[in-house]
Protein chains: 2
Amino acid sequence: MKFAVIGAGSGGQCMAAHLTQLGHEAVLYDIDQQKLHTLQKRGEILLENKLTGAYRIACITSDIQVAVTRADFVMVVTTTDAHGAVAEAMAPYIRPEQIVVLHPGHCGGAVCFAAALQKSGCQELPHIAECQTLIYGCRQIEIGHIFVTGIKKTVLLAAYPSKDTELILKKISPVYPQFRGAASVLETSMSISGCLMHVIPTLMNTNRIDAGEPFDFYMEGITPHIAGLIEDADQERVAVAEKLGVHVKNLREWLKDAYGLQPDTLYHMLQANEAYRGSAGPKDFNHRFVMEEVTGGFVPLSALGQICGIPTPVIDLFIQLAARICGKDFLWIGRTVENMGLTGKSMEEVIDLMTK
Amino acid sequence: MKFAVIGAGSGGQCMAAHLTQLGHEAVLYDIDQQKLHTLQKRGEILLENKLTGAYRIACITSDIQVAVTRADFVMVVTTTDAHGAVAEAMAPYIRPEQIVVLHPGHCGGAVCFAAALQKSGCQELPHIAECQTLIYGCRQIEIGHIFVTGIKKTVLLAAYPSKDTELILKKISPVYPQFRGAASVLETSMSISGCLMHVIPTLMNTNRIDAGEPFDFYMEGITPHIAGLIEDADQERVAVAEKLGVHVKNLREWLKDAYGLQPDTLYHMLQANEAYRGSAGPKDFNHRFVMEEVTGGFVPLSALGQICGIPTPVIDLFIQLAARICGKDFLWIGRTVENMGLTGKSMEEVIDLMTK
């Protein structure tokens with residue numbers, strides 16, 4: 001099959017190389033000319049650890065038309081805060097029979113992506129799906145050299161509208177048997193884990209980040225009380241989901257399924273997760289662990305909580321803390337009730353919209 | 001003069017020894033028999049660094065009647081959260097001509113102490129005053145051995161009611177020329193600094209505290225972004241004070257006056273404050289830097305903000321974070337609007353009450 005991989009971060013590079021390894025055609029797109037130039041010069045992408053080998057990518061381009069035109073699947077592997085720009089760029093070229101998959105969509109991704117395509121003049125929407133999380137665990141050693149810590153055992157995927165989920169799964173399963181169909185994008189949106197695992201530890205390691213002190217993000221950055229805060233926020237997420245009629249796994253259940261870990265406290269499960277060992281903590285706050293995960297994770301979770309009358313005090317306090325530390329008004333730039341186009345909608349109307 | 005020093009923590013021990021050095025009679029009281037026994041066995045209190053010498057305390061006792069009866073001044077140097085118990089214990093013995101001074105009162109200390117004395121059956125209140133902060137910078141090396149990092153150059157003191165301030169200052173100035181009269185307890189209550197400098201860095205060093213990693217509280221615990229959070233909270237305090245008609249110094253102005261530091265950013269002023277160097281960070285969260293300073297500092301600041309319609313989002317977020325990390329409902333146990341007896345009172349009524 002033919003894939004466009006949008007975004008040449010560590011996730012996009014890993015996916016393009018892995019798809020090539022599996023015998024598919026991958027076109028890798030990014031707006032960063034410098035990075036593309038380095039990749040082109042290098043000639044191939046090197047995978048190490050759980051995936052191995054060096055793979056020559058069919059095409060590396062900053063021309064979105066070239067990337068999108070031949071693709072069966074358009075895999076969006078950018079940070080969530082770039083989704084609006086990506087949708088706008090591809091709007092003139094995307095066709096109704098193509099499939100766009102967001103890796104991941106975070107909370108409300110597919111709904112927002114569809115709205116952004118329409119706003120950019122796309123008359124007939126493609127099939128759009130969102131994943132609960134990026135299927136790869138990986139980090140970039142240098143451009144074109146990716147260290148793969150793991151491939152998740154199961155990842156939820158849902159289409160918007162949800163009637164398309166079966167069709168998309170059927171097509172993608174031969175490539176990615178790990179994807180499981182979710183009932184709707186409400187389920188994938190409420191099944192996110194990244195913001196919980198990234199925002200809270202990043203902010204709670206402000207002292208180390210300010211001091212320029214390197215730390216192992218999961219192993220040293222998440223101490224017992226920090227794990228407790230993550231669990232508090234996770235309970236809020238699960239409660240909002242239940243109220244919206246979606247049963248989602250809590251973080252511990254999800255870690256068990258995604259990484260095959262034994263059930264234990266969250267702290268001990270994280271300490272035991274070898275796929276997480278060796279992840280460097282952020283060096284500053286202009287990092288996706290805050291910028292992307294607050295706007296696309298905590299802000300919409302809080303917004304949905306507001307709509308259905310479930311308070312999210314721990315999530316809210318970390319939105320505020322992020323805003324103070326980063327000097328950004330996340331309640332203005334994030335996926336708020338207003339920014340998601342949900343102003344004035346009742347809980348029932350939101351459920352209808354997201355499960356249609 | 002005769003002093004009762006209530007509380008044999010590092011502050012109380014330092015004060016009892018220093019008063020003895022100055023030629024006054026000090027009776028040192030505590031409820032901790034074990035600690036008193038150690039002090040009695042040792043025979044004298046050793047001061048080191050900015051104050052020096054070994055001093056034999058006139059009387060060391062766990063009998064509040066013995067401590068209070070002969071005193072001209074009853075110096076309360078316990079943690080703020082013990083004020084209720086201290087007031088209750090001394091209520092039967094305290095006389096109207098005596099002077100009780102809270103070192104410090106935190107926010108609303110004298111008002112709450114007077115209410116607690118009355119509630120415990122004290123018919124005729126003594127003179128009651130509160131200080132803005134403890135006049136000593138000190139820490140305990142071991143029981144009976146105190147390392148004195150400094151004596152603050154100026155400390156605000158106000159009586160409740162404020163007409164008593166002059167009388168108290170006149171009597172105490174020969175001993176402590178550092179005390180300056182404040183207009184009222186509203187000014188001292190709004191001039192607090194401890195909660196800002198203690199709560200925020202303690203919570204923002206949860207990672208180190210959990211890991212059992214020792215750190216220099218001010219030098220390593222307060223990094224630039226953490227100093228920024230302190231300044232944000234400080235601005236809220238100053239804004240609430242202004243609305244209540246009190247002009248208070250911001251933290252930087254206060255540090256300049258109290259420690260003679262050059263004006264600079266808060267971060268750089270703290271880094272330059274030798275009196276702060278070498279203070280060990282808390283080893284757990286059952287520590288006055290959180291327990292006392294949230295209940296007696298942040299909670300009443302937030303409550304007064306509520307009454308006068310000035311939002312305190314950063315202070316509120318740290319109350320919430322403390323509550324989550326400590327597993328304590330500080331909005332139940334702290335000096336809330338309700339707990340301070342201010343329910344239903346208008347801003348004008350609160351100003352009247354606290355400036356009378």
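Through which surface do the copies, chain A and chain B, meet? Of the interface residues of chain B, 100% are also interface residues in chain A, so the copies meet through the same surface. The model is predicted, and local features therefore need pLDDT of at least 70, side-chain atom pairs count only at pLDDT 80 or more, and totals for chains, interfaces and linings use all residues. Residues are numbered from 1 along each chain as its sequence is written, chains are lettered from A and ligands numbered from 1 in the order in which they are written, and side-chain values use heavy atoms, with hydrogens and water left out.

In chain B, an open sheet of 8 strands with mixed pairing has the order 5-2-1-6-7-8-11-12. Strands (E, at least two residues) and helices (H or I, at least four) are DSSP runs numbered from the N terminus, and two strands pair if DSSP finds at least two bridges between them. Strand 5 (59–61) and strand 12 (179–181) of chain B form the edges, each pairing on one side only. On average, neighbouring strands of this sheet are turned by 25° against each other, direction ignored. Within chain B, strand 8 (residues 127–131) and strand 11 (residues 155–159) pair in the antiparallel sense over 3 bridges, and Ala159(B) of strand 11 is the bridge partner of Ala129(B). Helix 4 (residues 83–90) of chain B lies across strand 1 (2–6), strand 6 (73–76) and strand 7 (99–102) of that chain, running at about 155° to strand 6. Angles run from 0 to 180 degrees between N-to-C directions, and axes are lines fitted to C-alpha atoms, for helices over the stretch in contact.

In chain A, strand 9 (residues 136–142) and strand 10 (residues 145–151) pair in the antiparallel sense over 6 bridges. Val148(A) of strand 10 is the bridge partner of Cys138(A). The hairpin of these strands has 2 residues between them, and Gly144(A) takes a positive phi near 90°.

The axes of helix 10 (residues 224–243) and helix 14 (residues 313–326) of chain A come within 7 Å and cross at roughly 115°. Their contact (heavy atoms within 4.5 Å) involves residues including Leu229(A) and Arg237(A) of helix 10 and Pro313(A) and Phe318(A) of helix 14. The contact residues divide into 6 nonpolar, no polar and 3 charged, where Ala, Val, Leu, Ile, Met, Phe, Trp, Tyr, Cys and Pro count as nonpolar, Asp, Glu, Lys and Arg as charged, and the others, Gly among them, as polar.

Strand 9 of chain B gives the most to the lining, with 5 residues.
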